[in-house]
Amino acid sequence: HYYITNNFEIMTSKPSLFGGSSPEEHVESCCNYFDVLFSSPDTLGAKIRSFIESILIDSVSVGVSRKVFTHVISRVKSLPSDMCLEYCGILTEALKLRLMSFEDQITELNQHMADLYEAKKDFGKAASNLSAIPLENSQKNYSKAFTTQMYLKIAHLYLEGRDSNQAEIFINRASLLITSTTEPDLQVKYKLCYAKLLDFRKKFLEAARRYQELSLEPRLSVAEQNELLRHSILCAIIAPAGVHRSRLLSSLIKDERSQHFMIHGMLRNTQLGHLVTLEQVKLFETELEEHQQEKLTTGMTILEAAVMEHNLLAISHIYKSIKIDNLAQLLRVPPLQAETVVGKMIAEQRISGSIDQIDQIISFEVKAKPWDEHINVVCNKVNHVIDLMNQFEPEFTKERLQHYGC
């Protein structure tokens with residue numbers, strides 16, 4: 001067998017590294033040997049690889065190697081962050097070649113490196129380390145709850161690192177397991193990750209609904225609930241204008257908690273269908289997340305496009321018809337862009353109207369508001385009740401109607 005001297009040169013003479021004859025003595029000897037090296041961590045990098053190779057030789061039993069590496073990992077984890085990451089990386093690279101034998105040690109290293117990278121706000125590397133843990137093809141029988149929790153943690157880290165593609169992969173994996181778990185906290189984490197994914201995917205209307213639902217979750221703290229409500233308002237305002245957005249805005253404005261946010265003024269204006277000014281846009285823009293400020297293929301930001309559609313919807317309630325040039329001036333965009341946006345919203349049935357391209361006029365069709373429709377339904381039912389009363393109690397009905405001046 002090959003052994004290593006204090007100078008880490010491969011020799012054929014028996015070293016102090018494997019002192020004793022029993023496995024327990026070998027473990028103690030190797031651990032003591034590493035502790036001597038560890039006493040000079042600055043020079044440990046040049047020696048740790050040779051030490052690892054000497055422990056991984058075939059003549060050393062797996063039982064001894066596991067205990068030695070468990071000790072080594074515990075010592076390395078006590079080092080400063082950058083040095084610890086370096087040596088954890090070296091250990092992981094060496095051990096992953098024998099994954100089946102050192103799965104627990106590799107898992108511990110990956111989890112610790114993920115924690116360190118997360119503390120450094122390097123979320124991509126943190127997620128990458130956690131995703132290297134073999135949750136599905138492991139010798140260990142991980143519970144569905146633990147596996148789901150790990151998938152959601154990885155997805156959360158990828159979202160923090162603005163990698164929605166990778167996040168979606170792990171959210172989809174978690175979705176296959178979440179129905180079989182009964183832990184309410186996991187259900188909440190899944191809903192939160194899914195809402196954030198919708199937000200990153202620019203599906204703002206659906207994200208706003210999810211955030212609003214979570215803002216009422218009793219398992220979350222008041223601060224977390226308020227923050228989720230704020231996210232719901234932000235997403236609702238920058239969502240595509242239309243009936244569904246209007247209903248959501250009405251629901252949010254009725255929530256008394258919304259009055260405490262700086263964005264309440266913008267919420268009130270959009271809910272009332274008022275025209276949003278450029279100054280209001282600039283003030284509101286400071287509240288948006290980075291991914292919500294991205295530019296679209298049209299060259300406009302997400303907020304600018306949302307405000308233009310909102311103002312167009314507001315204009316449709318003011319004007320029965322309007323020249324395309326005049327509409328473009330109100331929206332502060334070129335006439336062709338104004339016409340294109342109107343056409344898109346009409347095609348998507350978010351507004352009712354038509355475009356006369358010959359005369360360059362846009363005509364809007366005014367529909368009864370949902371509230372008016374509800375009033376009509378109630379009035380019709382009241383009339384029906386009065387008809388029945390007239391049929392069965394005509395004298396009483398006549399007396400009552402005269403009493404109320406009807």
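Analyst: Buried means under 20% relative accessible area, exposed over 50%, and partly exposed in between, computed with a 1.4 Å probe and protein chains only. The model is predicted, so local features need pLDDT of at least 70 and side-chain atom pairs count only at pLDDT 80 or more, whereas totals for chains, interfaces and linings use all residues. Residues are numbered from 1 along each chain as its sequence is written, and side-chain values use heavy atoms, with hydrogens and water left out.

A salt bridge is a side-chain nitrogen of Lys or Arg within 4 Å of a carboxyl oxygen of Asp or Glu; by this rule there are 18. One of them joins E108 to K77, with the closest N and O atoms 3.0 Å apart. E108 belongs to helix α5 (residues 103–119), while K77 sits in the loop between α3 (62–76) and α4 (81–95), 31 residues apart. Helices (H or I, at least four residues) and strands (E, at least two) are DSSP runs, numbered from the N terminus. E108 is partly exposed at 27% relative accessible area, and K77 is likewise partly exposed at 31%.

K202 pairs with E294 at 2.8 Å between the closest N and O atoms. Because K202 lies in the loop between α9 (184–200) and α10 (204–214) and E294 in the loop between α14 and α15 (302–318), this pair ties together parts 92 residues apart in sequence. K202 is partly exposed, at 34%, as is E294, at 28%.

By contrast, R350 and E309, which meet at 2.7 Å (N to O), are both buried.
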